[in-house]
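The following report describes a protein chain from its computed geometry. Please read it alongside the sequence and the model.

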Amino acid sequence: MLSIYLVQARQWISYCDLELSHGLFDHVQDIFIRCLRPSTSIQLWKFYLDFVRRRNPIDLAQPEAAKQARATIAKSFEFALQHVGQDREAGSLWSEYLEFLKEGSGRGSQWEDQQRMDALRKVLQGAVQIPVENVEQIWQEYSAFENNLSKLTAKKFLAELSPAYMTARKALRELRAHFGRLATPALPHQPDWSTPSDRSDLELWKAYLKWEESNPLDLEDPNLLHARVGFAYKKALANMRFFSEIWYLASDYHTRLGKTDEAKTLLENGLKANPGSLLLAYKLVEVDEGHNNLDACYRVYEGLLEHFHRLLTQTVEETNELVAQAWNRLDEEFDNKVRRENGAGEEDDDDSRQKRVQEKDEIKKRIENQREAILETHKKAVASVWVNQMTFARRATPGNEAVKQFRSVFSKARKSPYVTWQVVDASARIEYFWNNAAQVAGNIFEFGMKSFSADPDYVLRYLDFLIMTNNPNNARALFERTVALVEPSKARAVWDRMAQYEYEYGDHLAAQKIAKRFAETFPEVSVTETFARRYGQHGLEAAVARELGTTFSSASGERKDEFLSVGGGRATKREASIDVSHAAVDQREASVDRHDYASKRHKAAHQDESPQPTAAHEERTATGLRPWGRSGSNRAQTPDSEAARGGPSRPRLPDGDIVRRRPPPKSTASPAIDDATSTLNRPVPYKLDAHGDAIAVLPDAVVFFLSILPHASTFTGPFINPATMVDVIATTMLPGTAPGPGLPGERLGIPPRPRDEGGNGGARRGAKRGGMRQASPSHQQGGRGEPDYGYGARPVGGGGGGGGRPRY
């Protein structure tokens with residue numbers, strides 16, 4: 001188990017406890033040598049420090065021994081913090097080390113105490129710059145430490161480290177957000193991609209690694225940044241050990257730093273954890289090929305072939321075993337049935353035996369079909385290895401030996417019982433494109449026809465080769481052989497390819513003949529579409545398809561029932577505009593093929609098509625809520641006030657943002673510009689979500705604009721509290737404005753200022769001295785009118801005057 005889960009702390013700690021229970025301390029030290037450096041577990045490193053303290057007790061009665069023990073323990077702490085001190089959960093290690101340093105103060109000479117103070121300051125300064133969970137507590141300890149030594153120097157040291165500490169606090173909040181979603185299983189699992197969780201876990205870890213590479217701590221030392229990112233990759237590999245992409249990304253990061261040895265080691269370790277990973281194997285081959293280590297490259301290929309052939313053999317054996325077990329159960333059922341019907345010692349007749357054979361064949365076929373997907377997956381992996389090994393042998397071998405080496409690889413591949421047509425096709429094309437041997441390539445294709453003549457994909461590749469090499473006679477012969485062997489539904493692509501060849505490069509008689517045969521073979525295909533495809537080549541399909549109202553691909557023969565009109569009743573395309581990733585596609589379609597006469601016809605007929613509202617929507621409309629926002633009578637009300645009253649609220653997007661959409665203003669531009677503008681702002685006011693609620697739909701132009709805006713995380717400017725800003729704006733008195741009912745303080749619910757004990761005379765005197773005019777009687781201090789919110793007097797003509805900025 002330890003050979004598979006190399007960095008899982010729980011297993012190693014249990015192993016060490018077992019050895020410690022028998023007093024085998026030397027064995028425990030050997031275990032730590034194996035497991036400590038690769039591990040990112042804080043628990044395992046704490047266990048190691050406890051072991052070091054146990055082996056090195058501090059006896060104050062023996063000063064020299066105690067001094068040596070303290071030095072050993074201090075080195076162990078530094079060793080641990082060097083490897084895992086960047087972890088978010090390493091705050092406890094930093095605190096333990098600080099406590100350990102404080103324990104030794106005051107027990108030695110003045111020089112030794114000064115050394116301890118310097119060491120303590122160094123540790124504190126390092127800890128407050130790392131986003132650990134208790135960074136605020138460590139900062140308080142550091143502040144108290146500096147102020148106790150000297151308040152003059154404390155201000156200097158704290159001011160220097162304050163920016164780094166604030167950055168660490170900010171990074172800690174982001175780290176908590178990342179790790180709150182990251183998968184950290186007790187034991188890593190092998191992904192089978194059958195559930196969305198595997199893909200989502202991988203994407204979350206990739207997002208975290210990308211965040212670490214972006215240098216969120218603003219580290220100026222590149223070595224510190226590389227160490228931190230490298231630790232992040234180690235942590236990801238510990239939790240996602242069987243995800244090949246994480247290994248690849250870690251290796252790629254070290255390659256970009258120029259650390260090729262570390263990158264190669266990561267690839268090798270990744271292949272040990274994922275022995276069938278083509279991604280890691282091919283990357284390792286590239287690294288070895290770059291160092292001209294060809295033997296190592298061939299060893300990688302041979303290892304992959306051995307691995308997948310073993311899996312194929314195992315799959316075939318399991319399939320045969322399942323078939324045998326099913327046959328045995330069937331024989332038992334038949335024997336029991338014969339004994340019940342004919343008595344003991346009687347045998348079944350010929351009809352029963354024939355029926356049994358038929359049922360066995362059906363069982364075998366059913367089981368083989370169930371296992372076919374696994375076999376095909378392994379066969380394709382083997383084919384990929386053979387193809388890439390042939391390419392590598394041709395590329396890496398110098399001179400004339402390249403042909404010999406490449407052909408030797410193909411000779412081994414074609415003898416394999418699991419070879420696929422892709423290997424034959426790749427070999428033939430290498431012979432043609434690299435060795436310029438068209439005859440040899442044709443012979444290889446003919447060799448493949450012995451095994452893959454019923455595979456339309458292989459025949460299509462062979463047919464393309466014959467057409468490309470201008471061999472029409474053999475191309476027509478291959479076509480006739482295929483259509484006589486393969487049923488039309490499977491050979492449709494071969495029909496399309498040959499028909500198009502005759503249309504473009506054959507004579508009139510040949511083109512008419514194959515068109516007739518095509519129509520007889522595929523009567524369900526529209527004759528107009530077939531005729532239009534004949535003349536819609538070289539990327540000009542849209543020129544002909546616009547008259548049919550459809551789009552099609554001349555290469556594949558597939559028809560797409562996608563109307564070229566603006567509306568067309570296709571609400572799904574309109575709904576897709578909420579997804580930012582579809583905005584550019586919608587805009588490109590609108591600018592290319594939405595201005596023909598079919599577009600105008602469908603636009604007039606289907607201009608306002610959208611999902612019909614439910615009863616809940618009709619109720620909201622009856623209350624005065626517009627589809628694009630709030631009704632005109634409620635514009636001054638806030639969403640919170642409406643929710644408090646239980647009234648209607650604005651439609652919201654899935655992320656909770658309120659969207660207000662108003663009708664576009666009338667334009668005075670030319671009709672062509674108006675037409676393009678109306679295309680980008682099609683009048684679909686709302687759509688229905690999964691719960692049947694109305695969701696506001698943004699225009700395509702707005703969605704496209706939002707898609708090109710940078711992400712909020714890229715903002716590096718100062719952050720402003722919205723509530724504080726609104727408060728300042730609401731309470732700021734502009735020059736020349738007069739007080740009136742509904743002052744800002746009153747609207748915000750702020751209590752009035754205490755009244756002046758001296759009545760309003762003092763206010764009048766202050767107004768006269770400061771060039772202020774008296775307030776209205778209803779707002780005088782001490783009067784019987786409205787309470788004073790600090791606006792009883794203001795400067796005349798907007799001047800400065802006494803009183804300064806009003807307060808309340």
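Which side chains meet in a salt bridge at 2.9 Å, N to O? They are those of Arg 176 and Glu 133, a salt bridge being a side-chain nitrogen of Lys or Arg within 4 Å of a carboxyl oxygen of Asp or Glu. This pair links distant parts of the chain, 43 residues apart: Arg 176 lies in helix 8 (residues 151–179), and Glu 133 in the loop between helix 6 and helix 7 (135–149).

**Basis of the model**

The model is predicted; local features require pLDDT of at least 70, side-chain atom pairs count only at pLDDT 80 or more, and totals for chains, interfaces and linings use all residues. Residues are numbered from 1 along each chain as its sequence is written, and side-chain values use heavy atoms, with hydrogens and water left out.

**Overall composition**

The secondary structure of the protein chain comprises 34 helices and six strands; these are DSSP runs numbered from the N terminus, with helices (H or I) of at least four residues and strands (E) of at least two. Of its 808 residues, 37% count as buried. Here buried means under 20% relative accessible area, exposed means over 50%, and partly exposed lies in between (1.4 Å probe, protein chains only). The accessible surface of the chain comes to about 46,700 Å², and carbon and sulfur atoms account for 53% of this surface; areas come from the Shrake-Rupley method with a 1.4 Å probe, and for residues only the protein chains shown count as cover. Among contacts (heavy atoms within 4.5 Å) between residues at least 6 apart in sequence, 59% join residues at least 24 apart.

**Salt bridges**

Side chains of opposite charge can pair when their charged atoms come close. The structure holds 28 salt bridges, including the three in the table.

| Pair | N to O distance |
|---|---|
| Asp 87 and Lys 235 | 2.8 Å |
| Arg 176 and Glu 133 | 2.9 Å |
| Arg 121 and Asp 118 | 3.7 Å |

Asp 87 and Lys 235 meet through their side chains in a salt bridge. That pair also links distant parts of the chain, with Asp 87 in the loop between helix 4 and helix 5 and Lys 235 in helix 10 (residues 222–239), 148 residues apart. Both Asp 87 and Lys 235 are buried.

Arg 121 and Asp 118 are separated by about one helical turn, because they are three residues apart in helix 6 (residues 110–127). Arg 121 counts as buried because its relative accessibility is 17%, whereas Asp 118, at 39%, counts as partly exposed.

For the opening pair, Arg 176 is partly exposed, with a relative accessible area of 41%, and Glu 133 is partly exposed at 34%. Elsewhere, salt bridges that share partners join Arg 199, Glu 203, Lys 206 and Glu 245 into one network.

**Helix 3 and its cover**

Helix 3 (residues 42–55) has 14 residues and should span 20 Å at 1.5 Å a residue, which agrees with its end C-alpha atoms being 20 Å apart; the expected span is 1.5 Å times one less than the number of residues. Its buried residues are Ile 42, Leu 44, Trp 45, Phe 47, Tyr 48, Leu 49, Phe 51 and Val 52. Their cover includes helix 1 (9–21), helix 2 (25–35), helix 4 and helix 5 (91–103).

**His 83**

His 83 belongs to helix 4 (residues 63–84) and counts as buried because its relative accessibility is 18%. Its side chain reaches the backbone oxygen of Phe 79 at 2.9 Å. Apart from neighbours within four places in sequence, His 83 contacts Arg 37, Trp 45 and Phe 231. Trp 45 is also one of the buried residues of helix 3.

**Asp 288**

Asp 288 is found in helix 13 (residues 278–290) and, at 3% relative accessibility, counts as buried. Its side chain makes a polar contact with the side chain of Lys 264 at 3.0 Å. A polar contact is a pair of N or O atoms within 3.5 Å; within protein, one must be able to donate a hydrogen and the other to accept it, and residues adjacent in sequence count only if both atoms are side-chain atoms. Leaving aside neighbours within four places in sequence, Asp 288 is in contact with Lys 264, Asn 293, Ala 296 and Cys 297.
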